[in-house]
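Here is a short briefing on one protein chain. Look at the structure first, then read through the points by topic.

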Amino acid sequence: MPTDFSPDAFLESLRKALPPGTVLAGSDIQAHHHADWSGTGAIAPLAVLRPGTTEEIATTLRICNTYGVAVVPHGGLTGLSGAAQPLANGIVLSLSRFNRIEQLDLAASTVTVQAGATLQTVQDALAEHRLQFGVDLEPRGTCQIGGLIACNAGGLNVIQHGTTRAQVISLECVLPSGEILPMRALPKNSTGYDLAQLFIGSEGTLGVIARAILKAVPAPSFRKTALLVLSGFDDALRVLTLLRGRLPRQIAAFEIMWNDFLGAVKRWIPVPIPFDPIPPVAALIEIVGDDDEVLQQALEEALGEGIERGWIDDAVIAASLAQAAQLWRLRDCVADLHSHMKPVNFDLSVPIPCIGVFRSALEKALTARWPEHRAYYFGHIGDGNLHIIVDATTLPAGTTPYDVEATIFAEVPAFAGSISAEHGIGTLKKPFLSACRNAAEIDAMRAIKRALDPNNIMNPGKIFD
Ligand SMILES: Cc1cc2nc3c(=O)[nH]c(=O)nc-3n(C[C@H](O)[C@H](O)[C@H](O)COP(=O)(O)OP(=O)(O)OC[C@H]3O[C@@H](n4cnc5c(N)ncnc54)[C@H](O)[C@@H]3O)c2cc1C
């Protein structure tokens, strides 16, 4: 930003170039835009821009680039890594008014959406045609397609459909210069670099995702949910292998909760746990298909084999949708658990067979430093994704989240893992990026950033400096 920068002249340029109501400044800016869900350092931006077309996004970026003003894209603000934290002398570009579903192509099984459409809107539109978007996650009513793409979100169905990266056919993106990279409705397009893929997981640092053509996958007619009692993680691996072998196309979720996590649920959340005592490990599994009876029989046979082989100690199969929802509530109550502690959250990734040993290494490292600490382990184990919540109220006074992060992330390189499976780096994990990306990788990322955003206006200070 030049030293003679005049905020008034800058805002005047935006107001002249954009329709009335697009530029909000001063007391018109809602506090909602000061931080994302992680609550990282709330900051009021200079202005909030609410464009309603791709051209208006392009105009906004062109003017910001000319003035050297930073732009932080805002989706639904459910991000957990501080990636949407505004800058005091920058603008927020909110996609919330650019939120329509433009086209559903049933022959191609794709849907074209504007980036501000919420996940729920997309799921509802597809459900009318017995289709679904392959990524689903808890804050579906708030998070937006642009935010999901910018974070390469994972969520509940990755084991079946992959992460957001696997759901994108094409993107329309606006570069910091205001130039538009068009999208194309081509499932196959082998003509050089796939620029859309660069924007997936870029956390708003390369440009703005304006529109997307997404895959729509068939929505299953029936779901079977079961909760399994296991004596340890090794049995979880055996059961996962059994289900992958017997029901490779039907397995839609394989979630693990260790007894510390279930103990916290029992203590604080009014939801029944169908086992007493709480087992060392419980697996919540879901299989999907189009024939209720066949599905039930396949599940019973697979679980029967697991029990016979001594890998499953006990199992409950939900007899109704209400019972299935109750089992899912055990796993989905993370946001409620947060309200009973001071959480330091982790979303780590290591190769699936290593998860048990990795968890033990983390427990050992935390105990060595803070014998009294309490931590809760769970995750999308079918995708190699281990979540941990460390309760900072159980740590000695003066311990910072950074201290906990440094302790946990120090264990990641030995397992060739990642410090973020699905939430992104943002500001919170930026100091630790080198725990899972080497110098050549970080240099390559910086070179791409410099090439597309030479004035460093797009979400500066996120992912890396
Ligand atoms: C209770 C809870 C549960 C969650 N569960 C999961 C889960 O299971 N799996 C998972 O992956 N995540 C999960 N999340 C995290 C979060 O929901 C996802 O990261 C989601 O993708 C963020 O979308 P958003 O629209 O809220 O993005 P925001 O928080 O608004 O933004 C996130 C990042 O994307 C950028 N961005 C947003 N829109 C655009 C755009 N159009 N163009 C360019 N950049 C953009 C922002 O600048 C920021 O860097 C959870 C969060 C909560 C609160």
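Domain bounds come from an automatic or database domain assignment. Here that assignment gives domain 1 (7–96), domain 2 (101–218), domain 3 (222–335) and domain 4 (341–422). This is a predicted model, in which local features need pLDDT of at least 70 and side-chain atom pairs count only at pLDDT 80 or more, while totals for chains, interfaces and linings use all residues. Residues are numbered from 1 along each chain as its sequence is written, and side-chain values use heavy atoms, leaving out hydrogens and water.

**Domains**
- The centres of domain 1 and domain 4, taken over C-alpha atoms, are 34 Å apart.

**Largest pocket**
- A pocket is an open set of points on a 1 Å grid over the protein atoms alone, where a 1.4 Å probe fits, with protein on both sides within 12 Å along at least five of seven lines. Lining residues have an atom within 4 Å of a point.
- The largest pocket has a volume of about 1,000 Å³. Volume here is the space filled by probe spheres set on the points, which are joined across faces, edges and corners.
- It is lined by 50 residues. Thr78, Gly79, Leu80, Leu137 and Pro139 lie nearest its centre.
- Elements giving two or more residues to this lining include α4 (145–151), β10 (208–215) and α10 (321–332). Helices (H or I, at least four residues) and strands (E, at least two) are DSSP runs, numbered from the N terminus.
- α4 gives the most to this lining, with five residues.
- The lining of the largest pocket holds 23 nonpolar, 20 polar and seven charged residues. Ala, Val, Leu, Ile, Met, Phe, Trp, Tyr, Cys and Pro count as nonpolar, Asp, Glu, Lys and Arg as charged, and the others, Gly among them, as polar.

**Second largest pocket**
- The second largest pocket holds about 790 Å³ of space.
- It has 33 lining residues, and Asn152, Arg165, Ile200, Gly201 and Arg437 are the closest to its centre.
- The largest share of this lining, three residues, comes from α14.
- Domain 2 and domain 4 each give at least three residues to this lining.

**A helix pair**
- Helix α1 (residues 7–17) and helix α2 (residues 54–67) pack at about 160°, with axes 10 Å apart. Axes are lines fitted to C-alpha atoms, for helices over the stretch in contact, and angles run from 0 to 180 degrees between N-to-C directions.
- α1 and α2 are therefore roughly antiparallel (an angle over 145 degrees).

How values were computed
Parallel < 35°, antiparallel > 145°, perpendicular 65-115°, else oblique.
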